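Student: Please walk me through how to read side-chain contacts. I would like the general idea before each case.

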Amino acid sequence: MDLIERYLHAVEFWLPKGQRQDILAELSEDIHSQVEDRETALGRGLTEVETSALLRERGRPMMVANRFQPQRSLIGPVLFPVYLFVVRTVALFYLVPGWAVTVVLQRTQYPGAPGPWWESWAKTLGVAGEQVCTTGVIALGVITAVFAVLQITGVAERELLNWNPRKLPAVKSCNRISRAWSVTNIVANLLFLLWWLPCFSSPEILHGPGISLTLEPAWMHFFWAFAATALWNIGLGIANLLHPQWSRPRAVCYLASNLASGLLFCWMTRTHLVASLSVTSLGPAKSGLLAHALQSTMAACFPIVLIVTTVLLVVDLLRVVRAGERQGSFAGIGAKGPVSV
Amino acid sequence: MNAENFENLRLELRRGSLVIAVLAALHEEQYGYTLRKKLSSYRLDVDENTLYPLLRRLESQGLLTSEWREENKRNKRFYRLAREGESMLSKLMAEWRAIDASVAEILKESVYGPDRAISARG
């Protein structure tokens, strides 16, 4: 019997306060009735092992008590998908860019300590990771708290359940290339060319009264390559305006364009481009140091350029795959949609 | 995975029917343990951790009444169907029979094909 008392005592701890004694009395009665039944069947008292087995069958005290609690959840099933969406959005558009910005700031403030390159990079990534984790935990806490308040007050649930089908957004064709995107592309590349062609067409890119910056002759390769990429992008933009549909060849063209730009950027950060820098007010020694700092900063940007390029290429690759799938599915159902018989 | 799926679906299926069974069984006054035994004698085994919270919920909804009474030198809580419970039970029974009839018809159609099911209906 001592075992039963201990069991009931353990259950009591987890029971809702207002009904504790009432539930416990009923539970105690049920256990004693069951024990009595078994004892009658066996014709003897239950051993401690048998009583223990009987209690074990009923379940862990906390779980038993839990069944008497009202159903509780911090964020209910109606709000939970919205909560998950907000958490994912914050992670993607706030934490990931935040991490990248922290890495850049760390690298520009502390470009490198003596020792192997990977050591300073590991330190930078560690510091950035730590900051992002702290921000992430705080962001998650704030979002959860806000949703918990919305759940408790019931405001958001009422809003979600009160909806109008006529206010649903129109279906956008994911195969269609938006006109705005194409125009932005063309304008951005045109502006780039207007800035690029007159300003960087010679290795002597700066020669003012008190400052002159001359790049290595290799610069001209980059100059023409970037100009060609911009022209190529303008061509793609025009093609998009004329035929605003994603197809596999179009997606492959974008992949090739971004691959070329990415490789160019990566190559540029790894190339020694600063031939001479002279700032009259600083003097030759400090100008040399400035030129070195400029070159080091460019070199330090290499991993960031690599990460950005990789992300862009992954997006482009997915687009190529999806364009192929869509073409396949269109072939199956006909160009105008499913055929109904 | 299949066995687990079956168990989850079985529990889901039983959940609603259990309420009807408990309400029906409490036309006659019972305390928890005897109710459990009665349901079990009809091949409806109910876990005590399911039954007691259900009884409390039904009582809080006004479908059952209960009173503590001494029997065989022990205090027991006796449950009985309340008036509101009786009307709820008849509504639930009607609903249950309608569902049963619909499912039976669907099953018949899936076994014998739509034409024979329609002629059987007619």
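Tutor: Start with charges over rings. A charge sits over a ring if NZ of Lys or CZ of Arg is within 6 Å of the ring centre and within 35 degrees of the ring normal. Here the charged end of A:Arg319 sits over the ring of A:Tyr254, 5.9 Å from its centre. Likewise, A:Arg270 lies over the face of A:Phe302, at 4.6 Å from the ring centre.

Student: What conventions apply?

Tutor: The model is predicted: local features need pLDDT of at least 70, side-chain atom pairs count only at pLDDT 80 or more, and totals for chains, interfaces and linings use all residues. Residues are numbered from 1 along each chain as its sequence is written, chains are lettered from A and ligands numbered from 1 in the order in which they are written, and side-chain values use heavy atoms, with hydrogens and water left out.

Student: How is a pair of aromatic rings described?

Tutor: By the distance of the centres and the angle of the planes. Rings of Phe, Tyr and Trp (its six-membered ring) pair if their centres lie within 6.5 Å; planes under 30 degrees apart count as stacked, over 60 as edge-to-face and the rest as tilted. Over all chains there are 19 aromatic pairs. In one, A:Trp196 and A:Trp219 have ring centres 5.5 Å apart and planes at 50 degrees, so the pair is tilted. A:Trp196 is in helix H8 and A:Trp219 in helix H9 of chain A, 23 residues apart. Helices (H or I, at least four residues) and strands (E, at least two) are DSSP runs, numbered from the N terminus.

Student: Are A:Trp196 and A:Trp219 buried or exposed?

Tutor: Both are buried. Buried means under 20% relative accessible area, exposed over 50%, partly exposed in between (1.4 Å probe, protein chains only).

Student: Which residues are linked into a cluster by ring pairs?

Tutor: Among them are A:Trp196, A:Trp219, A:Phe192 and A:Phe265.

Student: Now salt bridges. How many are there over all chains?

Tutor: The count is 21. The rule is a side-chain nitrogen of Lys or Arg within 4 Å of a carboxyl oxygen of Asp or Glu. B:Lys37 bridges to A:Asp37, with the closest N and O atoms 2.8 Å apart. This pair crosses between chains, from helix H2 of chain B to helix H2 of chain A. B:Lys37 is partly exposed at 43% relative accessibility, and A:Asp37 is partly exposed at 30%.

Student: Where do B:Glu48 and A:Arg58 lie?

Tutor: B:Glu48 lies in helix H3 of chain B and A:Arg58 in helix H3 of chain A, so the pair joins two chains. Their side chains meet in a salt bridge (3.9 Å, N to O). Both residues are buried.
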